[in-house]
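Reader: I would like to learn how to read a fold feature by feature. Where do we begin?

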Amino acid sequence: MTILDKIIERKKQEIKDSKSKISVQQLKDSEFFNRKSLSLKETLKSKSGVIAEFKRQSPSKGIINNKVSPVEVVSDYENFGASAISILTDHDFFGGSFDDILSVRKEINIPILRKDFMIDEYQFYEAKSIGADVILLIAACLSPSQVMDFTELSHQLGLEVLLEIHTEDELQHYHKKIDFVGINNRNLKDFQVDLQHSVNLKNKLPKSVLAIAESGIYNTEDFSYLKEKGFDGFLMGEYFMKNENPGKSFEEFINKIS
């Protein structure tokens, strides 16, 4: 069983537990459910193009940084030019929670990506209720028909959709209603990084697609290489979060690429 398999099995139980405690109607009655979502399409090119991530830990790296608060980190990310914020909400494997989004929603005015393993309609109502603007669909754990259905539901709720792919077979999950395609430089099954593989996949997508490079961007050279190859956005977390002051690290990075 791969790490991804383990995550999905745990996620199914987590969703079942959540449904037993909070109804969809209760989610619809929450503070943020009717707020107008912010658009990543608008901020992606008007700012740095970096979707800066708040992430405490990962299955491959263990603890990355569990000493800083979401508010202090993402406020710096916004101040120094992030196009959006990505926040992990998976608890068991990434140390995240809904509170990480709820605690910053009123503090920043750029889009928030709820980064989680979305496998059930219920989770999209959750995402809207906590103030997310964008959701992640991971092709590796969904069928093409699920991607289509979840995209339509997301758009009904006012959420934009980032589809993540890693293999050529997963290109079949793409359809024209998808807002962005994220190409994960890190294989979710063995966690190896290959930037050239991502470039090759991007070149197989329609040229009009907004492409986002995800994970495994370890320095300004990686960033410049991917930008030169036509990527529109860059989802980066570990590069900043591994430092004692992620916001300062982000500022230094932006100064280097400007």
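Author: We begin with one pair of residues. Leu163 stands opposite Val181 in strand 8. Keep in mind that this is a predicted model.

Reader: Which strand pairs with strand 8 in the parallel sense over 4 bridges?

Author: Strand 7, residues 160–165, pairs with strand 8 in that way. Strand 8 is also joined by 4 bridges to strand 9, residues 211–214, and these two run parallel. On that side, Val181 stands opposite Ala211.

Reader: Which residues point each way from strand 8?

Author: The general idea comes first. In a regular strand, side chains alternate between the two faces of the sheet. Now the case here. Phe180, Gly182 and Asn184 point one way from strand 8, while Val181 and Ile183 point the other way.

Reader: How many residues of strand 4 are buried?

Author: Strand 4 has 5 of its 5 residues buried, and is mostly covered. Ala84, Ser86 and Leu88 point one way, with Ile85 and Ile87 pointing the other way. Two parallel partners can be named. Strand 1 pairs with strand 4 over 4 bridges, and Ala52 stands opposite Ile85 there. Strand 5, residues 112–115, is joined to strand 4 by 4 bridges. In strand 5, Arg114 is the bridge partner of Ile87.

Reader: Now a helix. Which residues of helix 4 are buried?

Author: An α-helix has 3.6 residues a turn, so residues three or four places apart point the same way. Helix 4 spans residues 70–79, and its buried residues are Pro70, Val73, Val74, Ser75 and Tyr77.

Reader: What covers the buried residues of helix 4?

Author: The cover includes strand 1, strand 4, helix 5, helix 10 and helix 11. Take Tyr77 as a case. Beyond its neighbours within four places in sequence, Tyr77 is in contact with residues including Ala52, Ile85, Phe240 and Phe250. Just after helix 4, Gly81 takes a positive phi of about 105°.

Reader: Which members of the largest nonpolar core touch the most other members?

Author: In soluble globular proteins, nonpolar side chains tend to be buried together. Here the largest nonpolar core has 82 residues, and Val50, Tyr77, Ile85, Leu137 and Met236 touch the most other members. Strand 6, residues 134–138, gives the most to this core, with 5 residues.

Reader: Is Asp100 buried or exposed?

Author: Asp100 is found in helix 5. Its relative accessibility is 5%, so Asp100 counts as buried. Leaving out residues up to four places away in sequence, Asp100 touches Phe54, Arg56, Pro70, Ile87, Leu88 and Gly95.

Reader: What is the phi of Ser215?

Author: Most residues other than glycine have a negative phi. Ser215 has a positive value, near 65°. Ser215 lies in the loop between strand 9 and helix 9. It is buried, with a relative accessible area of 13%.

Reader: Which residues lie nearest the centre of the largest pocket?

Author: Of 24 lining residues, Glu14, Ser18, Ile22, Phe98 and Glu126 lie nearest its centre. The largest pocket has a volume of about 430 Å³. Helix 1, helix 2, helix 5 and helix 6 each supply at least two lining residues. Helix 1 gives the most to the lining, with 7 residues. By class, this lining has 7 nonpolar, 9 polar and 8 charged residues.

Note on methods
Residues numbered from 1 in each chain as written. Predicted model: local features only at pLDDT ≥ 70, side-chain atom pairs only at ≥ 80, totals over all residues. Heavy atoms only, no water. Buried < 20%, exposed > 50% of the residue type's maximum accessible area, 1.4 Å probe, protein only. Contact = heavy atoms within 4.5 Å. Core = buried A, V, L, I, M, F, W, Y, C linked by side-chain atoms within 4.5 Å. Pairing = 2+ DSSP bridges. 1 Å grid on protein atoms, 1.4 Å probe; cavity = no way out; pocket = protein on both sides within 12 Å on 5 of 7 lines; lining within 4 Å. Points joined across faces, edges and corners; volume = space filled by probe spheres on them. Nonpolar A, V, L, I, M, F, W, Y, C, P; charged D, E, K, R; others polar.
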